[in-house]
Amino acid sequence: MGVVTYNYDSTSPVAPARLFKAFVLEADKVWPIAAPHAIKSIEVEANPGPGCIVKINFVEGLPFQYMKHQIGGHDENKFSYSYNLIEGGPLGNKLEKINYENKFEAAVGGGSVCKSSMKFYTFGDYVITEDEIKALIKGSEGVYKAIEAYLLANPDACN
């Protein structure tokens with residue numbers, strides 16, 4: 001098994017507290033409304049919190065039917081959260097899991113910066129390439145940008 005770490009930053013005109021709420025605290029409600037082109041539903045197994053499993057079901061026609069995340073934890077004061085992608089999605093037979101650590105920070109001049117650190121745990125001798133990682137990020141950006149657009153169009157959401 002190998003491990004490849006990749007760091008990625010993205011900017012948003014939305015404040016960190018609202019993004020955190022949309023992506024962490026209210027994801028099961030916000031994502032299907034904000035990104036109906038991709039997200040069919042989100043199921044939270046057991047009590048939300050560290051160790052719980054979250055299943056994200058995708059609409060028909062996408063490359064994946066679902067993904068399961070195991071929640072690592074979150075800090076509402078620092079707008080940070082972590083989880084592992086443990087089943088479905090892009091894992092296939094090459095990736096054991098993907099660990100995500102994300103933090104929303106205030107950006108100079110308003111809005112926010114989402115700082116992400118991803119660790120790709122591979123099976124055997126497989127080495128994930130930077131191009132493969134960028135393709136995975138590009139796929140998830142569609143949902144990220146849809147949620148961002150939803151928050152901008154609905155100023156009372158996730159306050």
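Which residue in β6 does Leu85 stand opposite? Have a look at the structure while I talk, and keep in mind that this is a predicted model. The answer is Ile98.

β5 and β6 run antiparallel to each other, and their pairing covers six bridges. Together they make a hairpin, with six residues between the two strands. If you look in that turn you'll find Gly89, which has a positive phi of about 55 degrees.

If you want a landmark, take Glu105: its bridge partner in β7 is Val113. β6 and β7 also form a hairpin, with five residues between them. Here the turn has Gly109, with a positive phi of about 90 degrees.

You describe a pair of aromatic rings by the distance of the centres and the angle of the planes. Counting pairs here, we get eight. Let me pick out Tyr83 and Tyr100: the ring centres are 4.7 Å apart and the planes are at 15 degrees, which is under the 30 degrees cut-off, so the pair counts as stacked. Now, where do these two sit? Tyr83 is in β5, residues 80–88, and Tyr100 is in β6, residues 95–106, so the pair links distant parts of the chain, 17 residues apart. Both tyrosines, Tyr83 and Tyr100, are buried.

They also belong to one aromatic cluster, and its other members are Phe20, Phe23, Trp31, Phe79, Tyr81, Phe104 and Tyr144.

Lys97 has its charged end over the ring of Tyr121, 4.7 Å from the centre. And Lys55 lies over the face of Tyr66, with 4.9 Å to the ring centre.

You'll find Asn57 in strand β3, residues 53–58. Is Asn57 buried or exposed? Its relative accessibility is 11%, and the cut-off is under 20%, so Asn57 counts as buried. What does its side chain make a polar contact with? That would be the side chain of Glu43, at 2.7 Å.

Methods
Residues numbered from 1 in each chain as written. Predicted model: local features only at pLDDT ≥ 70, side-chain atom pairs only at ≥ 80, totals over all residues. Heavy atoms only, no water. Phe/Tyr/Trp six-rings, centres within 6.5 Å; stacked < 30°, edge-to-face > 60°. Helix = DSSP H or I, 4+ residues; strand = E, 2+ residues; numbered from the N terminus. Buried < 20%, exposed > 50% of the residue type's maximum accessible area, 1.4 Å probe, protein only. Lys NZ or Arg CZ within 6 Å of the ring centre and 35° of its normal. Pairing = 2+ DSSP bridges. Polar contact = N/O pair within 3.5 Å; in protein donor to acceptor, adjacent residues only side chain to side chain.
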